[in-house]
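Subject: Structure handover

Hello,

Here is the structure for you to look through. My notes follow below it.

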Amino acid sequence: MATIRDVAQLAGVGVATASRVISGTGSFSAAAAERVRAAAAELGFRPSNVARALSLQSTGTIGVYVPDFRGPFYGPMLDAIDGELRRHGRHMVAVNGIGDVDARQQALSSAEFLADRECDGIIIASNELRDADYLAIRQRIKHVAIINREVKGMKTQSFTVNHRLGGALAARALLEHGHKRLAVISGLAHAQDNRQRLEGFLETVRAAGIDSDTIPVVHADFTAPGGWAATEELLGRKTKFTGLFCANDQMAMAAISKLGVAGKSVPEDVSVVGYDNTDMGAYLRPRLTTVDTHIGEMGLNACRLLVNQCYGKELSIARDFPPTFVPRDSLRKIGR
């Protein structure tokens, strides 16, 4: 196997010059760079990642933790992060939460795993970790970015959307379409973003003169099976509703299916509004009305923060991600 010394000798330059050309750092002439690259190609030389990491004090990797690789929510975020890192010659190491321990411990163990792999920085998306957990992780890893949550003491490293406004947008749309008999399928009760969107929804309903205590709320787990079971529970209560807000698109899509099985048509009998604007919602029948939370943009800008901090770049960073309402076919006016 060819070494950097072999490349330098063939190119007629010093080892230090060859190293600078291969790593892309430091100063070297265009002529020297051309000879070194030609020699490396001729010898089939591939630089050692370990050696490069030792010399640069960087592994060129950013770690990412998400709770689950399944489902459509985290995909756009991971895709945006990976694409941005590759544009800068770096790579992503992604892990998710699996195992027999509880969800918080899964997240903590995954963060420890990424730290042990000497990632230059890590991005975390987790509702299970406490603020104190994030602060402890920052003691271990200097460069940390947080997605879909604001952590006290780490505001500049947090990238999130105004979920209270997102919930309000969903409520406003249903109310403007004449719906007063409402129901809600909520996500995990302890999740910060879920609480915020539910608060925004109910605050808007109350402002319109509707008693929020009369609105049935069933808690589920952000999954399609959870949305199906929650819809089944709502129907079993015999509570009449014409408008249904679901705290994410997966549960909304399952709700539409379950309503159909129960003999109710969407949107003729029940209008359904989802949340997140995942890709599949645009291709349902009926196409899903939803709220876009711009998860991909949050991931992209969290990544850019770490690229700037870890690799000396000066990329522009956005921090304001206002949710937007996406009207489609699953919402209609009462009486139409």
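How much accessible surface does the protein chain have, and what share of it belongs to carbon and sulfur atoms? The accessible surface comes to about 16500 Å², and 50% of it belongs to carbon and sulfur atoms. Accessible areas here come from the Shrake-Rupley method with a 1.4 Å probe, and for residues only the protein chains shown count as cover.

Before the rest, two notes on how to read the values. This is a predicted model, in which local features need pLDDT of at least 70 and side-chain atom pairs count only at pLDDT 80 or more, while totals for chains, interfaces and linings use all residues. Residues are numbered from 1 along each chain as its sequence is written, and side-chain values use heavy atoms, with hydrogens and water left out.

Overall picture

The protein chain has 12 helices and 11 strands; these are DSSP runs numbered from the N terminus, with at least four residues (H or I) for a helix and at least two (E) for a strand. The radius of gyration is 25 Å, well over the 20 Å that the globule rule gives for 336 residues, so the chain is more spread out than a compact globule. That radius is taken over C-alpha atoms, and the globule rule is 2.2 Å times the number of residues to the power 0.38. Along its principal axes, the C-alpha trace spans about 85 × 40 × 35 Å.

Of the 336 residues, 49% are buried (buried is under 20% relative accessible area, exposed over 50%, partly exposed in between, with a 1.4 Å probe and protein chains only). Among contacts (heavy atoms within 4.5 Å) with a separation of 6 or more, 67% are between residues 24 or more positions apart.

Two strands pair if DSSP finds at least two bridges between them.

Strands β1 and β2 pair in the parallel sense over 6 bridges, and G63 stands opposite V93 in β2. Strand β3 (residues 121–124) also pairs in the parallel sense with strand β4 (residues 144–147), over 3 bridges. There, the bridge partner of I124 is I146 in β4.

Is strand β1 (residues 61–66) mostly covered or mostly open, and how many of its residues are buried? It is mostly covered, with 6 of its 6 residues buried. T61, G63 and Y65 point one way, and I62, V64 and V66 point the other way.

I62 lies in strand β1. It counts as buried because its relative accessibility is 0%. Leaving out residues up to four places away in sequence, I62 touches several others, including L85, V93, I123, L306 and C310. C310 is 248 residues from I62 along the chain, yet their C-alpha atoms are separated by 9.2 Å.

T204 is in helix α9 (residues 192–207). With 16% relative accessibility, T204 counts as buried. Apart from residues up to four places away in sequence, T204 touches A168, A171, R172 and L175.

T231 belongs to helix α10 (residues 224–236). Its relative accessibility is 0%, so T231 counts as buried. With the same exclusion of residues up to four places away in sequence, T231 touches I185, A255, K258 and L259.

Regards
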